[in-house]
Amino acid sequence: MINHTTSTVEETFQLAQKITTQILREEIPSTLLLSGDLGGGKTTFTQGIGQALGITRPLVSPTYTIIRPYDIPEQTDSPFKRLIHTDLYRIKAPWEAEEFELAQYASHPETILVVEWPEKAAQLWSRIPHTQIHFSVPSPNQRIIQITSH
Ligand SMILES: Nc1ncnc2c1ncn2[C@@H]1O[C@H](COP(=O)(O)OP(=O)(O)O)[C@@H](O)[C@H]1O
Ligand SMILES: [Mg+2]
């Protein structure tokens, strides 16, 4: 496990940039499970990934739409063509997540899948390679960000 502490949104963006580089080099799994409290920085971190991927369309929280796809502009040496951002916060029963076909996206070689509130569908992830990123809030502007690959 790697532990980071950021003190500004910009530092969280820089960490997201580093993680994106590792995904593009296929050093870590391209399914990211972002856990931790509301306001922890999960959506902010995902915006940093979008920026690092060169996505110019504003990346907004998918809390109400549950799932949002973004095209990744063509990059040399990158197999990834699509970012899927999903937020399962509003899922009430784990089976409700099945209709979003997240397991298919997770195993798709051209897709980067980012999931906020993955614990709402905990049954999905045990057999899927993933990078777990946990956010906690020790003080108003600090975020402890713990990264583990499974
Ligand atoms: N170091 C930091 N990293 C990320 N966000 C921060 C940081 N400090 C303050 N914030 C603020 O915390 C909030 C995080 O919100 P958000 O990313 O929507 O969280 P979540 O998606 O986990 O609910 C934003 O308003 C952001 O400006
Ligand atoms: Mg969020």
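Which residues does Leu 34 touch, not counting residues up to four places away in sequence? Leu 34 touches Lys 42, Phe 45, Val 114, Val 115, Glu 116, Ile 133 and Phe 135, where contact means C-beta atoms, placed from the backbone, within 7 Å. The model here is predicted; local features need pLDDT of at least 70 and side-chain atom pairs count only at pLDDT 80 or more, while totals for chains, interfaces and linings use all residues. Residues are numbered from 1 along each chain as its sequence is written, with chains lettered from A and ligands numbered from 1 in the order in which they are written.

Leu 34 also turns up in the largest nonpolar core, which has 27 residues. Such a core is a set of buried Ala, Val, Leu, Ile, Met, Phe, Trp, Tyr and Cys residues joined through C-beta atoms within 7 Å. A residue is buried if 20 or more other C-beta atoms lie within 10 Å of its own, exposed if 12 or fewer, and partly exposed in between. Leu 32, Leu 34, Leu 102, Leu 113, Val 114 and Val 115 have the most contacts inside the core. Two or more residues each come from α1, β2 (31-36), α2, β4 (82-87), α3 (102-107), β5 (111-116) and β6 (131-139); helices (H or I, at least four residues) and strands (E, at least two) are DSSP runs, numbered from the N terminus.

Now for the helix pair. The axes of α1 (residues 9-24) and α2 (residues 42-52) come within 8 Å and cross at roughly 55°; axes are lines fitted to C-alpha atoms, for helices over the stretch in contact, with angles from 0 to 180 degrees between N-to-C directions. The two helices are therefore oblique to each other (under 35 degrees is roughly parallel, over 145 roughly antiparallel, 65 to 115 roughly perpendicular, and the rest oblique). On the α1 side, Val 9, Thr 12, Phe 13, Ala 16, Gln 17 and Thr 20 make the contact, and on the α2 side Thr 44, Phe 45, Gly 48, Ile 49, Gln 51 and Ala 52 do.

Helix α2 is largely enclosed by the rest of the structure, because 8 of its 11 residues are buried. What covers these buried residues includes α1, β2, β3 (67-71), β4, β5 and β6. Just after α2, Gly 54 takes a positive phi of about 85°.

Over in strand β4 sits Thr 86, which counts as buried because it has 24 C-beta neighbours inside 10 Å. Thr 86 touches Pro 62, Ile 66, Ile 67, Phe 100, Leu 102 and Val 115, again not counting residues up to four places away in sequence.

Notes. Two residues are in contact if their C-beta atoms, placed from the backbone, lie within 7 Å.
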